[in-house]
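Colleague: I want to learn how to read a model like this one. Please take me through it feature by feature.

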Amino acid sequence: MPNFNFPDQRDNKWANYLFAGRGCIICVSLLGFIPAGILFASAGEANTAAGTEKWFSVAEPQDATVFWGVCQTSMPADGRCDRASSSTTDRTKCLYPLSNILYSGGFKEYKQACVKKGFVPVIIEDEKQNSDVVLMLGGNTPAWIGLEKTLGEWRLSDSGALPAYTNWHADEPNGIDGEDYAVVGMGNLKLIAGALFIAALGVIACALLTIVVVCLICCIQYSALQNKNDGMLTCVSLCDACCGCLSCLGILAGVREAVAAGGSVSAITIIVRIICTVVLLGMAYIGWTLKTKIICQRQGQQVAQPVILGQAVMGQPVMGQPVMGQPVM
């Protein structure tokens, strides 16, 4: 451990504790890469799900979420669909896409819109028809299909029969109450995946910035202790105190927000934040105390040092010169 040449060895020990505290802050900053990794993984999963042809169970939208829909009708006798629709590969159906611009976006409105145009909600009967639907949508998903849960069972919307073919995504249908309708694809997850990716980059940037700042403060503090620079040590101590206070406010704000939302705060998160707050405030106290001792030490040296007047020390006789108040021989 470095020796900062304090007269009291305990002060040298406390000075080294400052750097141990900085090491703790760096370790906590490194933990920030864990949530970043989780966010990256979630972004990858969301991006994969966004490009899938699988089905998902969803509830009626409560906001402005964009839902498309697909209607169908039997292939006309002439074997040609109108311009607004497209044929399935097996040429048994004509598929008609509905954007939620044409209806309010809910499943019931989707069914009504299909009927209004002379169609019915699409019934996907095999893998080829599923690919036809996804190809026609061109990435405009999620899109309603003619499948809904009735009395605890998934049934076709037009006949109420059990489906002969399903293409559910892994862990779907998930059994969540209210998710009684089926959609194909989850194209809106691309936006979520992008947001998660940006959030992960932000977490990494914050962690790296924290590490760089802590290392810079370590260098400043080391120089201040070695050179007994009380001004630099004061700045570092005030910085630690401010960061500790902000960390404390962050804890209170997080708890308040969680309580207001009716949720719970992660115990690990709270413990880590409390440790950081204690370390920061402790470093601020130690740095301020050492700064005070440096000032006292400097003042003591100045008092102990005799004042020189020319070549004579005040109060000491000089050969051949009288001292004021003493008789001359």
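Modeller: Residue classes first: Ala, Val, Leu, Ile, Met, Phe, Trp, Tyr, Cys and Pro count as nonpolar, Asp, Glu, Lys and Arg as charged, and the others, Gly among them, as polar. This is a predicted model, where local features need pLDDT of at least 70, side-chain atom pairs count only at pLDDT 80 or more, and totals for chains, interfaces and linings use all residues. Residues are numbered from 1 along each chain as its sequence is written, and side-chain values use heavy atoms, with hydrogens and water left out.

Colleague: In which strand is confidence lowest, and in which highest?

Modeller: Confidence is pLDDT, given by the predictor for each residue from 0 to 100. Helices (H or I, at least four residues) and strands (E, at least two) are DSSP runs, numbered from the N terminus. Strand E10 (residues 312-313) is lowest, with a mean of 49. Strand E7 (residues 153-156) is highest, at 93. The protein averages 82, and 84% of the residues score at least 70.

Colleague: What lines the largest cavity?

Modeller: Work on a 1 Å grid over the protein atoms alone. A cavity is a set of points where a 1.4 Å probe fits but cannot get out; a pocket is an open set with protein on both sides within 12 Å along at least five of seven lines; lining residues have an atom within 4 Å of a point. Points join across faces, edges and corners, and volume is the space filled by probe spheres set on them. Here the search finds one cavity of 30 Å³ or more. The largest cavity has a volume of about 50 Å³. Its lining includes Trp 55, Ile 145, Leu 156 and Tyr 165. Strand E6 (residues 143-150) gives the most, three residues. By class, the lining has nine nonpolar, one polar and no charged residues.

Colleague: And the largest pocket: which helix gives the most to its lining?

Modeller: The largest pocket holds about 880 Å³ of space. It is lined by 26 residues, and the closest to its centre are Ile 25, Val 28, Ser 29, Thr 210 and Cys 276. Helix H5 gives the most, with eight residues. Helices H1, H2, H5, H6 and H7 each supply at least two. The classes are 18 nonpolar, five polar and three charged.

Colleague: Is Asp 11 buried or exposed?

Modeller: Buried means under 20% relative accessible area, exposed over 50%, partly exposed in between (1.4 Å probe, protein chains only). Asp 11 sits in helix H1. Its relative accessible area is 7%, so Asp 11 is buried.

Colleague: What does Asp 11 touch?

Modeller: Contact means heavy atoms within 4.5 Å. Leaving out residues up to four places away in sequence, Asp 11 touches Phe 6, Leu 290 and Lys 293. Leu 290 is 279 residues from Asp 11 in sequence, yet 7.2 Å from it, C-alpha to C-alpha. A polar contact is a pair of N or O atoms within 3.5 Å; within protein, one must be able to donate a hydrogen and the other to accept it, and residues adjacent in sequence count only if both atoms are side-chain atoms. The side chains of Asp 11 and Lys 293 make one, at 2.8 Å.

Colleague: Which residue caps the N-terminal end of H4?

Modeller: Asp 126 does: a side-chain oxygen lies 3.2 Å from the backbone nitrogen of Lys 128. After H4 comes Gly 138, with a positive phi near 60 degrees. Buried residues of H4 (residues 127-137) include Asp 132 and Leu 137. The buried residues pack against strands E1, E2, E4, E6 and E8.
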